[in-house]
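Subject: Structure handover

Hello,

The structure you asked about is below, sequence included. My notes on it follow.

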Amino acid sequence: MTNLTVEASELTRLYGGREAVSNVSFELKQGEVLGFLGPNGAGKSTTMKMLTGNLAPSAGSVRICGIDMIENPKEAKALIGYLPEMRPLYKEFTVDEYLTIAARLHRVAGKNIKKAVETAKERCGLTHMSKRLIENLSNGYQQRVGIAQAIIHNPMVVILDEPTVGLDPIQIRDIRALIREIGGERSVILSTHILPEVEMVCDHVQIIDKGKLVFNGGIDVLKRQRIGNKLLIGFNQAPTVAELLKIKGLTEAEVADNNMMRVRFAEGVAPHEAIVQAAVKNKWGLYQIAPDQTSLEDVFVQLTYQEIEPEAS
Ligand code: ADP
């Protein structure tokens, strides 16, 4: 028995003959947080709607804890909590009233509703807001209510669309901690535009571009890709590129900003010591040597590089 919570298999969705999502497959296990990234229009919302059973795929299938979304939509949907980008809040209700309605909508048995509301409030730090009207809550607290309604029935899979958009830094920190906590026990899929958020919160990352998955892997793989095989080196008496390239293992060298040199080295090579030795021998005046990290933004742009199409006339 595996603990797979989500199995998306060759999901495709057509809109008027155009593929908005094309042949997307992935799996998620209990206890994992998956970050779903991509530029606007890439197909994130369409994929999430198919995962939550709100949109039928043109082809492919979704299984939630082994239950097929098309064959048994009621059972499959009961295992999912969803916070769409537009929060489904009834702002004229109090937190208690709204969460009670949400519990009913998620078919929590009548005798368990009070307990479910209390538990969801506790987990989302809302207990002291029970009697407040939702419309009077700050953006961050409204977002907590949105997450509370998504977890009120203790679902196996929680899907959150852009959960930290528009929040201040303290609210963001709290919501991220909450996502990690939920992800520790269940599975979470979150879409986000905030790239550092992915490194802080997610175990797995998936990048979608023009409907296709262009990256699907562990957060470690993405981090390694960032660190890469580049060094940024500062010399007082900088050598020429040709002189530097005499050092074994270096494959490329160039002058970077502030008179620093950037070098690349082959996979599996650690050229640091050789560089230091050459610098001492040749009196290059080495004062700094450090890994040159590619920003997550740059990795993202590399993976989703798209030629700018001329606007349709
Ligand atoms: P994202 O959430 O990544 O911004 P979407 O899933 O919303 O992307 O959209 C993917 C593509 O599908 C876009 O090209 C979008 O214009 C198109 N699309 C989304 N919804 C519809 C719809 N209801 N009808 C036609 N095209 C749509």
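**Ligand shell**

By class, the residues around the ligand split into four nonpolar, five polar and two charged. Please keep in mind that this is a predicted model. The residues that make up the surroundings of the ligand are Tyr15, Arg18, Ala20, Pro39, Asn40, Gly41, Ala42, Gly43, Lys44, Ser45 and Thr46.

- Gly41: a backbone N or O atom is 2.7 Å from an oxygen atom of the ligand.
- Ser45: a polar backbone atom is 2.8 Å from an oxygen atom of the ligand.
- Ala42: a polar backbone atom is 3.1 Å from an oxygen atom of the ligand.

The ligand on its own exposes 560 Å², and 58% of that is buried by the protein. Two elements, β2 (18-29) and α1 (44-51), each give two or more residues to the shell. Of the elements, α1 gives the most, with three residues.

**Strand β3**

How many of the five residues of strand β3 are buried? Five of the five, covering residues 33-37, are buried, so the strand is largely enclosed by the rest of the structure. The cut-off for buried is under 20% relative accessible area. In a regular strand, side chains alternate between the two faces of the sheet. For β3 both faces are covered: Val33, Gly35 and Leu37 are buried on one side, and Leu34 and Phe36 are buried on the other.

β3 has parallel pairing with two strands, as follows. With strand β8 (residues 187-191) it pairs over four bridges, and Val33 has Val188 as its bridge partner there. Strand β9 (residues 204-209) also runs parallel to β3 and is joined to it by four bridges. In β9, Gln206 is the bridge partner of Phe36.

**The four-strand sheet**

There is also an open sheet of four strands, in the order β2-β1-β4-β5, with antiparallel pairing. β2 and β5 (67-68) are its edge strands, each pairing on one side only. β2 is also one of the elements that give two or more residues to the shell around the ligand.

Opposite Ile64 stands Ile67 of β5.

Regards

Methods
Residues are numbered from 1 along each chain as its sequence is written. This is a predicted model: local features need pLDDT of at least 70, side-chain atom pairs count only at pLDDT 80 or more; totals for chains, interfaces and linings use all residues. Side-chain values use heavy atoms; hydrogens and water are left out. A residue is near a molecule or strand if one of its heavy atoms lies within 4 Å of it. A polar contact is a pair of N or O atoms within 3.5 Å; within protein, one must be able to donate a hydrogen and the other to accept it, and residues adjacent in sequence count only if both atoms are side-chain atoms. Accessible areas come from the Shrake-Rupley method with a 1.4 Å probe; for residues, only the protein chains shown count as cover. Ala, Val, Leu, Ile, Met, Phe, Trp, Tyr, Cys and Pro count as nonpolar, Asp, Glu, Lys and Arg as charged, and the others, Gly among them, as polar. Buried means under 20% relative accessible area, exposed over 50%, partly exposed in between (1.4 Å probe, protein chains only). Two strands pair if DSSP finds at least two bridges between them.
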